[in-house]
Amino acid sequence: MSKSTSPLPNGQLYPGGGGPRGLQLRVLLLVMLILALSWGLLLRWGPALPFPAPTFNVKEAGAKGDGITDDTRVFLRVLRQAAATGRDTTVIVPPGTYLLALDEPLPLRSGVTLRGLGRPVLKFRAVSGARYGFEAVSIQGRRIRIDGVVIDGGARLTRGIGVHSGSSDVAIVGSTIQDLNQPEDPRHPLSTTVVAGIMIYGDTVDIKILGCTLTEIAAREAAPVARGIMTWGEPGRTIARRVNISGNLISYISPREDADGIYFDQPPGSSPLSDSVISNNIIHHAAKRGIKISAPGVVVKNNRIVNPYSGNNRYLTTPRDALPQDMYAAISVYAGDVTVSGNIIGGSGSYYAAIEADVGAADGIVIENNVIESGVSPPFPDSSGIRLDQIGGFRITGNAINGAETPIRLSDNARRALASGAGTLTDNIAK
């Protein structure tokens with residue numbers, strides 16, 4: 001059988017058939033194959049991001065940072081431009097003091113990092129008649145970071161940073177939040193609001209607060225409630241989950257009525273365990289408590305809590321009341337499934353109870369390997385090292401307690417749990 005032939009453009013015969021069209025098709029297929037292989041190699045071994053993430057610099061955008069010029073509009077414009085890119089972006093804040101007069105918080109949205117160079121100060125002041133006046137920075141979204149800035153409320157704002165509902169993968173690192181207070185005018189609608197350095201709202205997850213300083217956070221009006229860091233048990237939302245609060249310095253949280261360095265609020269009944277950690281923080285001059293836990297599923301470990309008061313931690317709204325112990329507690333636990341481990345509690349002042357637990361019928365309370373020292377001599381009347389009130393099941397072991405009138409005080413309820421085997425009390429040392 002003879003081979004088929006096709007005419008070539010010059011009249012010659014092309015062996016194999018198909019003509020010039022077949023040749024073009026084979027060349028096109030070969031080129032496509034090479035391109036596909038090249039793209040595959042680029043995805044396999046090439047850079048994860050072939051184009052650099054955009055970066056904004058507030059001084060290049062017009063901010064002065066001289067502590068005199070109002071830089072508000074520049075910050076708002078740059079932060080909104082960064083969020084509008086839809087990509088991970090960094091907003092650089094060079095050294096300086098940036099005066100910010102807001103009637104709304106600075107918005108940090110998904111993918112935006114606010115990074116300070118040389119610890120710049122964001123000096124906030126509330127505009128007269130402002131709609132808000134309560135929050136310096138509002139975080140809402142995913143993959144958001146604040147790194148190396150000083151947020152100074154100028155005693156004109158009640159909140160430093162708000163991590164709002166729906167946010168996740170948020171980090172606040174190496175920053176300072178300071179000088180927050182309630183409005184001086186008792187008729188102001190914010191005069192009774194909670195003052196907080198960082199407020200973490202419900203339905204949030206994977207929040208990190210690392211290596212920060214929170215100080216001079218005070219409430220002064222009819223409902224004087226202040227927190228250094230607070231997770232709020234917002235109605236209808238789950239409590240913040242997988243929160244890591246580590247390596248921070250928290251101080252001067254007042255007044256005595258209700259001021260805590262770190263507070264996990266009581267969540268709605270349907271909330272899962274918080275699965276959060278509070279570790280390696282230093283807390284001093286927190287007027288009522290160092291740490292208060294009302295959410296289940298929190299580990300409190302390796303913190304240093306100092307009570308420096310000595311008869312001078314007076315009430316604000318009822319100054320004539322007799323002054324009992326200098327602080328109510330270093331650590332209060334009001335929820336089950338909480339572990340308090342390896343903390344060092346001391347200072348010159350006295351506690352009602354250095355560590356207390358009052359959780360109703362809940363169990364899973366572990367208080368272990370803590371060191372409790374009180375500088376008061378003789379021990380303050382009715383003071384306790386560890387105090388258990390209403391409680392289901394517990395394990396109290398390996399604690400060293402010195403300077404309390406009663407090293408470990410058990411309620412009748414706690415004694416019944418101990419007798420039934422639901423409670424364990426072993427290897428504690430009292431001096």
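**Exercise 1. Is Pro 54 buried, partly exposed or exposed, and what is its relative accessible area?**

*Solution.* The model is predicted: local features need pLDDT of at least 70, side-chain atom pairs count only at pLDDT 80 or more, and totals for chains, interfaces and linings use all residues. Residues are numbered from 1 along each chain as its sequence is written, and side-chain values use heavy atoms, with hydrogens and water left out.

Step 1. Apply the classes: buried means under 20% relative accessible area, exposed over 50%, and partly exposed in between (1.4 Å probe, protein chains only).

Step 2. Pro 54 has a relative accessible area of 22%, so the residue is partly exposed.

Step 3. Helices (H or I, at least four residues) and strands (E, at least two) are DSSP runs, numbered from the N terminus. Pro 54 belongs to the loop between helix 1 (19-45) and strand 3 (55-57).

Step 4. List its partners, where contact means heavy atoms within 4.5 Å. Apart from neighbours within four places in sequence, Pro 54 is in contact with Thr 85, Arg 87, Asp 88, Thr 89 and Thr 90. Between the C-alpha atoms of Pro 54 and Thr 85 there are 8.3 Å, although 31 residues separate the two along the chain.

**Exercise 2. Describe the protein chain as a whole.**

*Solution.* Step 1. The protein chain contains three helices and 39 strands.

Step 1. It has 431 residues, of which 50% count as buried.

Step 2. Of the contacts between residues at least 6 apart in sequence, 74% join residues at least 24 apart.

**Exercise 3. Which residues are linked with Asp 258 in a network of salt bridges?**

*Solution.* Step 1. A salt bridge is a side-chain nitrogen of Lys or Arg within 4 Å of a carboxyl oxygen of Asp or Glu. The structure holds 15 of them.

Step 1. Arg 227 and Asp 258 form a salt bridge at 3.0 Å, N to O. This pair links distant parts of the chain, since Arg 227 is in strand 19 (residues 225-231) and Asp 258 in strand 22 (residues 258-264), 31 residues apart.

Step 2. Arg 289 also forms a salt bridge with Asp 258, with the closest N and O atoms 4.0 Å apart. Arg 289 lies in strand 25 (residues 289-293), 31 residues from Asp 258.

Step 3. The relative accessible area is 4% for Arg 227, 17% for Asp 258 and 4% for Arg 289; Arg 227 is buried, as are Asp 258 and Arg 289.

Step 4. The network links Arg 227, Asp 258, Asp 260 and Arg 289.

**Exercise 4. Where do Asp 206 and Arg 242 lie?**

*Solution.* Step 1. Their side chains meet in a salt bridge of 2.7 Å, N to O.

Step 1. Asp 206 lies in strand 17 (residues 205-210) and Arg 242 in strand 20 (residues 241-246), so the pair ties together parts 36 residues apart in sequence.

Step 2. Asp 206 is partly exposed at 26% relative accessible area, and Arg 242 is partly exposed at 34%.
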